[in-house]
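Here are a few exercises to work through with the model open. Try each one before you read the solution.

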2 protein chains.
Amino acid sequence: MKETTTSTRALRSDSERTVHTILEAAERVLSRNPAASMEQIAEAAGVARTTVHRRFASRDALVAAMASWATRRFAEAVDAAHPETTPPLVALYQITANVLRVKIDWSFAMSLALTADREAAHVHADIEERCERLFVKAREAGVLRADVDPAWARRVYYALIHEAAQSRDADADTLAARLVDTLLRGVGTGQSLT
Amino acid sequence: MKETTTSTRALRSDSERTVHTILEAAERVLSRNPAASMEQIAEAAGVARTTVHRRFASRDALVAAMASWATRRFAEAVDAAHPETTPPLVALYQITANVLRVKIDWSFAMSLALTADREAAHVHADIEERCERLFVKAREAGVLRADVDPAWARRVYYALIHEAAQSRDADADTLAARLVDTLLRGVGTGQSLT
DNA sequence: GATAGTTGCATCAATAGAGTCGCAAATTGT
DNA sequence: ACAATTTGCGACTCTATTGATGCAACTATC
């Protein structure tokens, strides 16, 4: 399966570049209109529709490839923060910044997690679990309030990630700092309803 | 245009009931799969596909009707809280609870705001503006932190509304209480990164 | 029971999109 | 310059979906 000559390697590298161009175009088009046609995706990628069909056997295959690609980047983003060994607050910040970097460019593809195949679903479940462990650690370290439902806290965190990824009014680090600050302290002055 | 006999009134009332049944079914089906066919919607509504086409000239017309319906309910939910005259914190809680009640049942239809017609877009812009005024009032009253970007605060609020509407693990009032508490105080113990 | 309105069903045409194929032209490495 | 590969283009089939229509059956009201 591996290339044996430099020629083959160069050509394969070109192919992969085309594939990546199509994936990026698909992300751009489908994030605006999930029902867009292959024609529109091909046009955005600057290639003919037939070329897209040559690279991806079907529409589903293309979408699956997007999910797979985004999932890989997602897992890398979490791994890079070493959430198991880093202090919880630092890990939270690092993960946030890294994930935002991915999600800003692959928003649609990342929303495919639920629809994705067994492979990708497993990776997502794994990440979910690591996030859960991180939140438990943070709670035990006194970073998170003990009177807040952990599941809700994580949901809030995901919602803020999603929101921050939409508002591209700053770089990932700035967004992450603001996000974590909001997550932990809220936007109020400390008064409570209850 | 108005009915003149009791007979006509009764029949029209039946028609409107059918229309409403279809709208509800469309919400249920399209929230799971935005690309669902008219056939699937009709089946979910328990009517023939032709009946749906009799009530709504086209697919777009059906979707527009959903957007219009949800927009009306949305506006009512905000109005009922009297955000202009009620103290900010109370208004915030009331609006949250009312909007959640609508959004839990009309999640898909409410996401159509951006795609909707001029009419609906105007109503949404109006609500947006009233929300902005409410947040300004809340800030001036010392409820909201002055060092937080107001636009970001509102975005966070919308994100939490969206998230809370997805998690149907409690009634609207409970969700609203938790949401506002999280919005104002966050999920942390008060430590800051900076 | 007569009537007006609504619905279900079968069927039709029109359309858009997915997927396939062959061939000429362009690209790229050697 | 040559060979391998990829691409664009045009044409094609096939299928799903939309939207329209005529007719018989049903329902509620009078």
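**Exercise 1.** In what order do the elements of chain A run from the N terminus on?

Solution. This is a predicted model, where local features need pLDDT of at least 70 and side-chain atom pairs count only at pLDDT 80 or more, while totals for chains, interfaces and linings use all residues. Residues are numbered from 1 along each chain as its sequence is written, chains are lettered from A in the order in which they are written, and side-chain values use heavy atoms, with hydrogens and water left out. Helices are DSSP runs of H or I with at least four residues, and strands are E runs of at least two. Read along chain A and you get α-α-α-α-α-α-α-α-α. That comes to nine helices and zero strands.

**Exercise 2.** Work out how much area chain B and chain A bury between them.

Solution. Start with the term: buried area is the accessible area (1.4 Å probe) that two parts lose on being put together, summed over both. The value here is about 3500 Å², with 59% of it on carbon and sulfur atoms. Next, look at chain B's share: Arg145(B), Trp152(B) and Val187(B) supply 24% of what chain B buries against chain A, more than any other three residues.

**Exercise 3.** Count the salt bridges between chain B and chain A.

Solution. Look for a side-chain nitrogen of Lys or Arg within 4 Å of a carboxyl oxygen of Asp or Glu. The count is four. One of them pairs Arg155(A) with Glu163(B), whose closest N and O atoms are 3.0 Å apart.
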